[in-house]
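Please look over the sequence and the model shown here before reading on. The report is written for someone meeting this structure for the first time.

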Amino acid sequence: MAIAAAPPLKLSPYLDPQQQPRLQTEFNPIKRVPFLSSRNPLLCVCKLHRYNFKCCLPSSSSTNSVTPAQYYSFLDESFRGSRVLTNEELEKLKALESFVYLQELESGSLWVRVMRIEEMDMTVGLLALSFAESMFMSLQYEALLRFFVKQYLIERRASMPHAVTLVGFYREEGGKRGEELAGTVEVCFDKRGANASPPTPTPPRNSPYICNMTVTKELRRRGIGWHLLKASEELISQMTSSREVYLHCRMIDEAPFNMYIKAGYNVIQTDRIFILLTLQRRKHLMCKKLPVSNSFPEPDMSESGEEPPS
């Protein structure tokens, strides 16, 4: 994905999947593009598919921990600019570097870790396709969506270690296709990583928040969405003492809603009906209090869902 150099455009489209984007163009050679900035979460938790497999979570002492060959340092990246990190932030960055969630599925293996800089473009592509699909947009808008999504991911990446983008990679049993990007999810840990204007109903700014989850279309119905959720909670347990985790779910997304309920989430608040006047879907704000030792019930194999981003 590439866009020719040009004065930045000021765009303010609606992000609800049921509304076509309405663009307001204003040439401004100085200001950055605000669309999909940290003030506008790109997508709510979405595309959570069949979750059929019993799992176990790796601990820091598990043999599933990162090996030296897998080690990657975010401190070597230049995205942070002149920002000075505190000792606490440095320790949290080290925790992000070493985080890995491994899971054997019936059809192959899945591992989830923090997105690296060289994986940004493939993650951008996955999110842009998911967003276009949810909005029923023509593929001719894909390049434009990729541009906006990349600006968003760059901004969110600069907020590490207060928020992070996770990516999941999948290897089919037999390894004929090799490893491939299976999905992605964003996790905010505290108010410094929170979006300035989150979706309604508004979650507490200083509480962990899960959003922007999607699964590669060809890899749906394999339990990947369920394990992206589990990996997010495992990381939250390691990164913060706060145990109340929030997420949004649209009222029309029955299958994800059922999964969240089974995973231990409860509805805290629901959009008022007047939100429909803004051409947005009504959403539930859901919350789960993580136990000290995080565990999940076995998913119901009869449930499945492929819901668009909200």
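Predicted model: local features only at pLDDT ≥ 70, side-chain atom pairs only at ≥ 80, totals over all residues.

Residues are numbered from 1 along each chain as its sequence is written, and side-chain values use heavy atoms, with hydrogens and water left out.

**Overall fold**

The protein has five helices and eight strands, where helices (H or I, at least four residues) and strands (E, at least two) are DSSP runs numbered from the N terminus. Along the sequence they follow the pattern α-β-β-α-α-β-β-β-α-β-α-β-β. Of the 310 residues, 53% count as buried; buried means under 20% relative accessible area, exposed over 50%, and partly exposed in between, with a 1.4 Å probe and protein chains only. Among contacts (heavy atoms within 4.5 Å) with a separation of 6 or more, 74% come from residues 24 or more positions apart.

**Nonpolar cores**

A nonpolar core is a set of buried Ala, Val, Leu, Ile, Met, Phe, Trp, Tyr and Cys residues joined through side-chain atoms within 4.5 Å. The largest one holds 39 residues, of which Leu96, Val164, Leu166, Ile210, Ile224, Leu229 and Tyr265 touch the most other members. The elements that give two or more residues to this core include helix H1 (87–98), strand S3 (163–172) and helix H4 (224–239), and H4 gives the most, with eight residues. Apart from this core lies another, of 19 residues, among them Met115, Leu126, Ala128 and Met137. In soluble globular proteins, nonpolar side chains tend to be buried together.

Leaving aside neighbours within four places in sequence, Tyr265 is in contact with Ile210, Leu229, Glu233, Val245, Leu247, Tyr260, Met286, Cys287 and Lys288.

Leaving aside neighbours within four places in sequence, Pro208 is in contact with residues including Cys188, Phe189, Ile236 and Tyr246. The C-alpha atoms of Pro208 and Val187, which are 21 residues apart along the chain, are separated by 7.1 Å.
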